[in-house]
Amino acid sequence: MAITAADVNKLRQMTGAGMMDCKKALTEANGDFEAAIDILRKAGQKVAAKRADNATNEGVVLISISEDGSNGKLLALACETEPVSKVADFNNLASALLEAAVSNNAATKEEVLAATLSDGRTAEENIIELTGKIGEKITIAGYENVTAEKVVSYIHSNNKIGVLVAFANTSGVDVLEVGKDIAMQITAMKPVALDKDGVDAATIEREIEIGKDQARAEGKPEAMLEKIAVGKLEKFYKESTLLNQQFVKDSSINIKQLLEQTQKGLTITEFKRIALA
């Protein structure tokens with residue numbers, strides 16, 4: 001059957017796909033709009049597969065905090081180029097994904113992808129379709145769901161870094177201000193763990209080996225290398241674990257001391273940081 005310009009425009013309005021893609025899909029589907037939509041979606045899947053190895057360092061980070069402040073959800077939707085991160089369809093999808101994560105209380109990225117959006121299709125199907133429409137890789141780069149007595153959030157001004165900080169023993173104190181300060185510290189200083197007990201064994205082993213190599217390069221005796229490396233490891237803990245880091249606003253105290261000064265017993269149970277870079 002003949003495909004008219006009005007048909008092509010109608011499909012374009014329905015899907016947001018390009019005019020030529022819509023004409024090709026309608027022609028292949030012999031004018032059947034539903035079949036044409038399926039063809040466009042399949043085309044999106046092909047685009048997604050073709051670009052699967054492409055780097056996605058751009059995008060947007062979004063956060064939702066529950067009304068009582070006890071839960072925070074952090075989601076990063078990534079793309080390949082900065083211009084795409086500014087496109088309305090991309091940002092609308094990011095918001096829809098976060099909304100679905102909240103309504104389903106999704107615990108993992110996989111649960112977000114499986115969630116049904118308002119159009120009746122899954123998050124993953126929507127991502128694939130937008131990939132086909134825009135022509136570059138789109139992916140959920142990270143997702144975190146944190147529950148605590150109080151959760152404080154921070155999004156950096158470039159919308160590419162987001163942080164959640166979970167607090168305990170908050171009764172009688174408003175942790176919003178100190179929480180924002182600590183979240184900003186996490187953004188800038190990139191701690192690898194809350195305290196030294198949270199540093200994984202592989203990281204510890206790597207730091208010890210680096211310490212040994214540095215000491216060896218300085219000409220230290222082989223018998224002293226292990227002791228020197230352990231000393232350097234303590235410095236690593238001080239610089240790279242949150243509670244032991246110097247507070248960036250007051251280097252005379254560390255984060256653990258800042259919490260004690262704010263309220264005795266106030267603690268951080270966990271933090272999450274997602275960055276697009």
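The model is a predicted one. According to an unreviewed UniProt entry, the annotation "domain: Translation elongation factor EFTs/EF1B dimerisation" covers residues 74-276.

- Strand β1 (residues 58-65) is joined to β2 by eight bridges, and the two run antiparallel. Within this pairing, V60 has L77 of β2 as its bridge partner, while E58 has C79 of β2 as its partner.
- The hairpin of β1 and β2 has five residues between the strands, and in this hairpin G69 takes a positive phi near 75°.
- On the other pairing, eight bridges join β2 to strand β3 (residues 139-147), again in an antiparallel arrangement; here the bridge partner of G72 is V146 in β3.

- Strand β2 (residues 71-79) is mostly covered, with nine of its nine residues buried.
- In a regular strand, side chains alternate between the two faces of the sheet. In β2, N71, K73, L75, L77 and C79 point one way, whereas G72, L74, A76 and A78 point the other way, and all of these residues are buried.

**Pairing around β5**

- Strand β5 (residues 161-168) is likewise mostly covered, since eight of its eight residues are buried. Both of its faces are covered, with I161, V163, V165 and F167 on one side and G162, L164, A166 and A168 on the other, all of them buried.
- Strand β4 (residues 150-155) pairs with β5 in the antiparallel sense over six bridges, and I155 stands opposite G162 of β5.
- Five residues lie between the strands in the hairpin of β4 and β5, where N159 takes a positive phi near 60°.
- β5 also pairs with strand β8 (residues 267-275), in the antiparallel sense and over eight bridges; in this pairing V165 stands opposite F271 of β8.

**Packing of α2 against α3**

- Helix α2 (residues 19-28) packs with helix α3 (residues 33-50) at an angle of about 125°, and their axes are 8 Å apart. This angle makes α2 oblique to α3, and the crossing of the two helices is right-handed.
- The residues that meet in this packing are D21, C22, A25, L26 and E28 from α2, and F33, A36, I39 and L40 from α3.

- Leaving aside neighbours within four places in sequence, the contacts of F247 are D181, Q185, I253, N254, I255 and L258.
- F247 and L258 are 11 residues apart along the chain, and their C-alpha atoms are separated by 7.5 Å.

Note on methods: Residues numbered from 1 in each chain as written. Predicted model: local features only at pLDDT ≥ 70, side-chain atom pairs only at ≥ 80, totals over all residues. Heavy atoms only, no water. UniProt positions renumbered as here; feature names shortened; annotations may be inferred. Buried < 20%, exposed > 50% of the residue type's maximum accessible area, 1.4 Å probe, protein only. Helix = DSSP H or I, 4+ residues; strand = E, 2+ residues; numbered from the N terminus. Pairing = 2+ DSSP bridges. Axes fitted to C-alpha atoms, helices over the stretch in contact; angles between N-to-C directions. Parallel < 35°, antiparallel > 145°, perpendicular 65-115°, else oblique. Left-handed = near helix turned anticlockwise from the far one by under 90°. Contact = heavy atoms within 4.5 Å.
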